[in-house]
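Work through the exercises below with the sequence and the model open. Each task is followed by a solution in steps.

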Amino acid sequence: TVLCKDKAGLIGNNYSGQVKYKWSTGETDCCIRPHVTGQYSLTVTDDCVTFIDTINITVNDCTQCIWLPTAFTPNNDGRNDQLKTIPSCPINKFTLRIFNRWGQEVFNTQDVQKGWNGMHGAQLADVGRYYYSVEYNTAWSAEIKTIKGDVILLR
């Protein structure tokens with residue numbers, strides 16, 4: 001689970017009855033706000049049974065939740081064959097657009113999992129510098145963020 005540093009959410013659950021809580025952090029409340037990346041375990045005990053659950057939490061800055069590499073090599077060797085965004089938090093709306101040096105759009109997707117394979121239509125795109133624009137918002141903010149930059153296509 002990914003949480004934003006400035007909007008850290010609660011983990012845990014408040015159960016009814018005579019229940020005791022013990023977190024791996026030493027806290028004894030039903031729910032906690034993790035501020036550090038790590039594994040959190042909760043032991044919940046009542047008069048009859050004990051339950052233990054563990055969750056891995058990643059705490060991110062979340063001011064920019066998308067990263068793109070600066071180069072890729074679409075040569076079908078199984079390594080870096082697609083230019084793909086790497087999200088570090090849950091993404092809601094998403095658009096990736098790739099442009100050549102003349103400003104022509106050569107790729108467009110609204111699927112954060114989909115990458116550009118270095119093709120322009122049915123042709124191999126030229127080796128060189130391309131420009132991208134990413135627009136997205138997150139599960140925590142409706143604000144549309146824009147990232148622009150360039151990437152090198154190598155073969």
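**Exercise 1. Aromatic pairs**

Task: In this predicted model, how many aromatic pairs does a search of the whole structure find? Classify each one and locate its partners.

Solution: 
- Step 1. The search of the whole structure returns two aromatic pairs.
- Step 2. Phe 72 and Trp 116 lie 5.4 Å apart, centre to centre, with 50 degrees between the planes. Planes under 30 degrees apart count as stacked and those over 60 as edge-to-face, so this pair is tilted.
- Step 3. Phe 72 belongs to strand β8, whereas Trp 116 sits in the loop between β11 and β12 (119-120); the pair links distant parts of the chain, 44 residues apart.
- Step 4. Trp 116 also pairs with Tyr 130, at 5.1 Å centre to centre and 65 degrees between the planes, an edge-to-face arrangement.
- Step 5. Tyr 130 is in strand β14 (residues 128-138), 14 residues from Trp 116.

**Exercise 2. Nonpolar cores**

Task: Which residues have the most contacts inside the largest nonpolar core, and which strands each supply at least two of its residues?

Solution: 
- Step 1. The largest nonpolar core has 22 residues, and Ile 66, Ile 98, Trp 116 and Val 134 have the most contacts inside it.
- Step 2. At least two residues of this core come from each of β10 (91-99), β11, β14 and β15 (145-153).
- Step 3. Beyond its neighbours within four places in sequence, Trp 116 contacts residues including Ile 98, Val 106, Phe 107 and Leu 153, and also Asp 81 and Gln 82.
- Step 4. A second, separate core has eleven residues, among them Leu 3, Ile 11, Tyr 40 and Ile 57.

**Exercise 3. Thr 85**

Task: Is Thr 85 buried or exposed, and what does its side chain reach?

Solution: 
- Step 1. Thr 85 lies in the loop between β8 (71-72) and β9 (86-87).
- Step 2. Its relative accessible area is 6%, so Thr 85 is buried.
- Step 3. The Thr 85 side chain reaches the backbone oxygen of Val 112 at 3.3 Å.
- Step 4. Not counting residues up to four places away in sequence, Thr 85 touches several others, including Ile 66, Trp 67, Phe 94 and Val 134.

**Exercise 4. Confidence**

Task: Where is confidence lowest, and where is it highest?

Solution: 
- Step 1. The protein has a mean pLDDT of 90, and 97% of its residues reach 70 or more.
- Step 2. Confidence is lowest in strand β1 (residues 2-4), with a mean of 74, and highest in strand β11 (residues 105-109), at 97.

Terms used
Residues are numbered from 1 along each chain as its sequence is written. This is a predicted model: local features need pLDDT of at least 70, side-chain atom pairs count only at pLDDT 80 or more; totals for chains, interfaces and linings use all residues. Side-chain values use heavy atoms; hydrogens and water are left out. pLDDT is the predictor's confidence in each residue, from 0 to 100. Helices (H or I, at least four residues) and strands (E, at least two) are DSSP runs, numbered from the N terminus. Buried means under 20% relative accessible area, exposed over 50%, partly exposed in between (1.4 Å probe, protein chains only). A polar contact is a pair of N or O atoms within 3.5 Å; within protein, one must be able to donate a hydrogen and the other to accept it, and residues adjacent in sequence count only if both atoms are side-chain atoms. Contact means heavy atoms within 4.5 Å. Rings of Phe, Tyr and Trp (its six-membered ring) pair if their centres lie within 6.5 Å; planes under 30 degrees apart count as stacked, over 60 as edge-to-face and the rest as tilted. A nonpolar core is a set of buried Ala, Val, Leu, Ile, Met, Phe, Trp, Tyr and Cys residues joined through side-chain atoms within 4.5 Å.
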